[in-house]
Structure formats: structure tokens, C-alpha cells
Amino acid sequence: MSESYRAELPTGVLDIQVREAAFPLDELCGFAARNNPKRGFLFLSKVLGKHWPAAPSRMRRVHEYLASALDLGPGPWAFMAMAETATGLGQGVFEAALNQRPEADALFLHSTRYRVAGRPFLEFQEPHCHAPDQTLYEPLNARHQALFRTARELIVVDDEISTGSTLCNLVAAYRTRNPRLERVHFVAITNFSGARSAEQFSERLGVPVRCVAALHADFSFQPDADWEHEPAPAAVGDNRREPGQIADDLGRFGIDRPISTPMSELERLCVGLAPGASILVLGTGEFMHLAFRVGLELESRGFAVVVQATTRSPILPGADIGHRLVFADNYGEGIRNYLYNVDPDDFARIIVCHETPLDGLDDLMQHLGSNCLTSRYSHSMEDLWPSA
């Protein structure tokens, strides 16, 4: 039976009509307002680990559901997740799919807004976004390059689907490198693209498309005519990166197996904590999946864990946005970054997972207080990070 919801936001009124759901809407998402004239609202996921603290076990439940709902052939498969919000979700669905089909030949990549000179990439647009330019790198590893160019099925993962234009733009760009692609799957926690969207996407792309989501619904948004949009803060700065400043052998440049966390690192991160202590495991920007994996391990040890990540997305306070921290980004872009719905005083320990040098975290660490530890990606941690 369908359900109706209404969210009254500072920027207008958002109406939701649920058509089909594996989980109740209020378990999957809330709503917020954005200072964006292109799109004044945001579906605020409660199980993504981005704008709302999420228990890693709840996140894994969604990953496993979405992976089980895929109807995939023998492969090879290419999974691609959308930066910055869905990078962790996409890698979680990829790993869940491999757990269910361990014999599969599969590759995971996520898009990015960072440029590394001399590396081949595809470019596509996210039209409604405050930072519309997206980059998808071709893999560095020869085996991964072969999977990239021969995948029979493409699985594109985002946190939500509304118009689907960004996903279609990615598929169109990718097909210039892989014209033999046979099927496409659009995967999201929530799908608001309409009952006939899969058929429409198929017609637009000239390849069969299937939409998989934990909830399918329709929405309408009535903007508030009196709302005055202020100039939005810059969302893109100096996004050029040198080799070694961002991780080479993870999602941006291709990975074909799950990651794991070493016992020694987990022991270090929970030293001195009381049984059942509250922990926030925090990712940074696009670097989200390590926080989920660390959080999952710590939760299995009996700690009260939630996972989240910082973001460059400027969301307005109010509605389902409570606390908001604003700080300098750790990638050196010179733009504001944010952390939503987190009060640092609520946690016995905050663990910050990052790929950039530690000194870039100074401003964030000052906001978080003295109960913080950091866990940095390292090429030498071979049991944590598979080699390229």
C-alpha cells in the first residue's frame, strides 16, 4: 500500500508518494534544504553514512539487500559509484555482490572531482549539482583495464535517483570505452525517477537498463516564491592532485576485491575504551569506505558505533539538519567542508579515516576535540589495502 509524506522546508514543500519499499521511508531518509536554485531540497539518507550518523550494521543490511536484488549474468561486471556522496555505498554494494558471487569477475571504480595529471579519464556532468564536473579515471592496473573495456554489465550506484540524467551521462561516456556493454543497472537506496524510468533510460541510452532500489517513490517540489537564495559558497577549488596525495590502489583507479582491516590497527583504535563505548568513525570527502569497514569491525566487538563522512555539500540548517560544523577541507582545495548532525561531545572516541597528510586535518581536529584518533591509508599496510 502506498504512503504519503510531506516535508515543509525553508525553500519549499516536498511531497513524497511511496510506491514500493523494502524498508519504511523514515528508516531510509529524512529531508533537508539546499541553498541551490537548481534544486532546493535534499533526500537525507539515514543509512548512507554521509550526512547522518549511521550504524555500520544498518548500512551493511542495505548493501546486502541491493546486491541481492541485482539480476546479474556471468560477467565481467563493472561497478561505478558516484562522488562524493555514494562512493562508500557503491563499494559496499560491490563487496556484498562479491560475497554473494565470489566466483565473479568484477571491477569497482568511483567517480571523483580530483585531477591527477597524465592519467586517462572520462568526463561527464552532474547537472543539478553545486559542483557539476565529474571525472571517471580509467584503471591503472592492466587486469583492471581489461575488465573496464570488456564488462558485459555495468552497475551504477548512487544514493538516490531523481532525474537519472547524471547516471545516463556516465553511461554514455563509458560506452565510448566499452561499446560491447550489454546491460546497465541503476542502483540506489531511494529511487524517485518514476514508474517508467527504466524504460525511458533504456530508450535514451540504447541499452537495457534496470532500476534497483530499497524504495521506489514519486516526488514533487513546490519552491517557496519568497525564498531568497544567497550566493552559494565555492564547492570546487584547486582540485589538482599529485601522485601519492590520494590513494592510487582503491576505488578511484580500480579495485577487484574487498578490503579488510588489520587486527593491529583495530586494537590500536580501541585501546582504553570501556565496553560498549560510543564511537564515531569518520571518513573524509570521497574517502568513505574505510570508515565503514573499521566501524563494522568495532561494532562487532560490542562498541556503539556510527559512521559518517565530511562533505563539501552546503546544506541549510533546519529540517533534519541539526548540528553543523564548518572547517577547512583536508585536500587543500581552499573550500569549506561540513559535518552534519554530529555533536563531538556525544562520543567517547572519534576515529578519522583519511588518505591525505595529517596536517590537512588540523582545522577539523580542532572542531572535534581531544578524543580523536586518526587512521591513514598507507601503501605499507598490505593486509589492509590490496595491492594494485
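How many of the 12 residues of α8 are buried? Nine of them are, so α8 is largely enclosed by the rest of the structure, where buried means under 20% relative accessible area, exposed over 50% and partly exposed in between, with a 1.4 Å probe and protein chains only.

## Basis of the model

This is a predicted model, in which local features need pLDDT of at least 70 and side-chain atom pairs count only at pLDDT 80 or more, while totals for chains, interfaces and linings use all residues. Residues are numbered from 1 along each chain as its sequence is written, and side-chain values use heavy atoms, with hydrogens and water left out.

## Helix α8

The buried residues of α8 are H289, L290, A291, F292, R293, V294, G295, L296 and L298. Helices (H or I, at least four residues) and strands (E, at least two) are DSSP runs, numbered from the N terminus. From its first C-alpha to its last, α8 reaches 17 Å, close to the 16 Å expected at 1.5 Å a residue; the expected span is 1.5 Å times one less than the number of residues. After α8 comes G302, with a positive phi near 100 degrees.

## The largest pocket

The largest pocket holds about 170 Å³ of space, and its lining includes F292, R293 and L296 together with R60, H63 and E64. On a 1 Å grid over the protein atoms alone, a pocket is an open set of points with protein on both sides within 12 Å along at least five of seven lines, a cavity is a set of points where a 1.4 Å probe fits but cannot get out, and lining residues have an atom within 4 Å of a point. Grid points are joined across faces, edges and corners, and a volume is the space filled by probe spheres set on the points.

At least two lining residues of this pocket come from each of α2 (56-69), α3 and α8, and α3 gives the largest share, five residues. The lining has four nonpolar, four polar and four charged residues, where Ala, Val, Leu, Ile, Met, Phe, Trp, Tyr, Cys and Pro count as nonpolar, Asp, Glu, Lys and Arg as charged, and the others, Gly among them, as polar.

## The second largest cavity

By class, the lining divides into seven nonpolar, six polar and three charged residues.

## Buried residues in loops and a strand

D329 lies in the loop between β16 (324-328) and β17 (336-340) and counts as buried at 7% relative accessibility. A polar atom of the D329 side chain lies 2.9 Å from the backbone nitrogen of Y331, and a polar atom of that side chain lies 3.0 Å from the backbone nitrogen of E333.

T135, in strand β9 (residues 133-137), is buried, with a relative accessible area of 2%. The side chains of T135 and R115 make a polar contact (2.9 Å), that is, a pair of N or O atoms within 3.5 Å, of which, within protein, one must be able to donate a hydrogen and the other to accept it, residues adjacent in sequence counting only if both atoms are side-chain atoms. R113, in the loop between β6 (106-110) and β7 (115-116), is likewise buried, at 5% relative accessible area.
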